Amino acid sequence: MNEISIPRPNNLDAYWMPFSNNRAFKQNPMMLARAKGMFYYTPEGREVIDGTAGLWCCNAGHGRTEITEAIQKQAAVMDYAPTFNMGHPIAFEAAARVAEMTPDGMDRVFFTNSGSESDDTALKIALAYQKAKGQSSRVRLIGRERGYHGVGFGGMSVGGIGGNRRQFGGQLPYVDHLPHTHGLKENFFAKGMPEHGAFLADKLEDLVALHGADTIAAVMVEPVSGSTGVLVPPVGYLKRLREICTKHGILLIFDEVITGFSRIGAPFGCERLEVIPDMITMAKGLTNAAVPMGAVAVMNEVYDTVVNNSPAGIELFHGYTYSGHPLAAAAAIASVDIHQKEDLAGRVRDIEPYWEQAAHSLKDAPNVVDIRNFGLIAGIELSSRPGAPGARAMDILRSCFDDGLLVRVTGDIIALSPPLIIEKPHVDRIFNTLGDALRKAA
Ligand SMILES: Cc1ncc(COP(=O)(O)O)c(C=O)c1O
């Protein structure tokens with residue numbers, strides 16, 4: 001049921017698709033042409049329920065007229081204006097509205113265009129902050145195995161995914177990693193935060209002992225890792241990281257590109273997890289993905305330190321042509337409005353028990369080795385086919401798509417993160433379709 005006519009591409013050659021198996025796709029494409037609410041529609045008009053909010057980003061559901069109209073209106077008023085030593089009102093308004101959602105005392109917002117840019121920006125702010133404090137020796141950045149912080153050289157280096165680095169040779173120097181928190185047998189099939197593993201945060205003390213606290217600028221982690229297969233932090237883990245960072249004067253950066261914007265039942269994940277970092281990076285839900293935009297929110301003290309300790313003139317030699325782009329700013333304000341008016345975080349908390357129970361109902365499906373959930377996120381981990389890691393999950397993704405469900409896979413883990421407007425019948429449909437696909441791929 002296509003209400004508008006959508007041109008069908010008849011030549012797939014020109015577009016080099018990101019993070020894709022271009023050869024396989026071009027043999028057997030999966031196309032999405034229209035979206036509304038909880039659903040995508042293929043060019044033929046077939047309905048596909050969105051189990052992933054696009055790429056964890058259309059949190060308020062697709063095609064929100066409030067956001068579309070805000071973008072249209074702004075495009076007609078002013079398409080673009082620079083923000084280097086120059087301003088336009090809507091960028092300031094957007095920053096103030098984002099600051100309404102961030103924790104108390106974290107009211108300064110730097111705009112970027114993506115999660116990757118937000119992560120690299122936060123790392124640079126951390127280095128600039130330590131330098132401004134007279135601690136120029138603090139140049140080391142600590143990430144975590146299996147962390148995903150986008151694809152810039154900073155985020156790639158601090159991130160912990162071998163496959164994302166292998167093609168690109170040298171990484172940033174002065175980077176080290178904490179161990180990941182995945183795979184403790186006691187945590188299998190945990191509902192919500194797993195009980196075991198807080199001790200893994202103590203590895204930060206080992207890195208401090210190894211390198212010296214006076215060489216470490218910041219630690220960056222995702223509160224809940226999404227891209228590497230839904231890794232929920234063990235109870236007490238993040239609190240311990242916070243304590244160690246504070247003790248040693250190390251900044252703690254939460255990459256909330258996925259967990260921000262109500263995904264785990266609070267405006268930002270840190271509030272639900274009761275651990276407040278020094279900086280938060282965000283993107284995706286910020287504009288409901290209607291226009292690209294990212295941001296870094298920093299504690300006022302971080303901003304004050306960098307800005308007030310700089311010589312007269314530019315205080316941070318960093319920024320993008322499109323930082324605070326008017327169309328993105330308009331979309332961000334409309335998105336914040338929706339999160340606040342519709343209390344999307346509250347909706348997540350209301351439906352979370354139903355979501356959790358539905359996810360864990362797949363426990364006995366073929367090849368399932370673990371299920372994890374938190375907020376409106378679920379990860380279903382499968383055993384791999386011998387000699388063909390990832391193949392089973394890819395088959396399941398295809399089968400789900402053909403049966404009208406969009407899922408995301410990473411290796412042999414299926415990740416689900418639907419729009420936050422989801423209702424119980426949608427939850428049933430997602431897990432019934434996925435259950436059928438798991439049985440077919442047995
Ligand atoms: C936690 C996290 N950080 C950073 C990014 C990178 O965001 P982008 O693709 O907008 O650069 C992502 C993308 O999925 C992410 O999940």
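The shell around the ligand holds five nonpolar, seven polar and three charged residues. Here Ala, Val, Leu, Ile, Met, Phe, Trp, Tyr, Cys and Pro count as nonpolar, Asp, Glu, Lys and Arg as charged, and the others, Gly among them, as polar. In total 15 residues surround the ligand, and the closest are Ser114, Gly115, Ser116, Gly150 and Val257.

A quick word on what we are looking at. This is a predicted model, where local features need pLDDT of at least 70 and side-chain atom pairs count only at pLDDT 80 or more, while totals for chains, interfaces and linings use all residues. Residues are numbered from 1 along each chain as its sequence is written.

Now, which helix gives the most to the shell around the ligand? That is α5, with three residues. Helices are DSSP runs of H or I with at least four residues, strands are E runs of at least two, and both are numbered from the N terminus.

Let's stay with α5, residues 115-132, and bring in α11, residues 300-308. Their axes come within 9 Å and cross at roughly 65°; the axes are lines fitted to C-alpha atoms over the stretch in contact, and angles run from 0 to 180 degrees between N-to-C directions. On the α5 side we find Ile125, Ala128, Tyr129 and Ala132, which meet Val302, Thr305 and Val306 of α11. Contact means that the C-beta atoms of two residues, placed from the backbone, lie within 7 Å. By class, six residues in this contact are nonpolar, one is polar and none is charged.

Next, please find Ala329, in helix α12, residues 326-341. Is Ala329 buried or exposed? Ala329 is buried, because 29 other C-beta atoms lie within 10 Å, and the cut-offs are 20 or more for buried, 12 or fewer for exposed, and partly exposed in between. Beyond its neighbours within four places in sequence, Ala329 touches Ile90, Ala91, Ala94 and Gly324. Glu66 sits 263 residues from Ala329 along the chain, yet their C-alpha atoms are separated by 13 Å.

Finally, let's step back to the whole chain. Of its 442 residues, 49% count as buried. The protein chain has 15 helices and 15 strands. Among contacts between residues at least 6 apart in sequence, 74% join residues at least 24 apart. And the C-alpha atoms fill a box of roughly 60 × 55 × 45 Å along the principal axes.

Key:
Near = placed C-beta within 6 Å.
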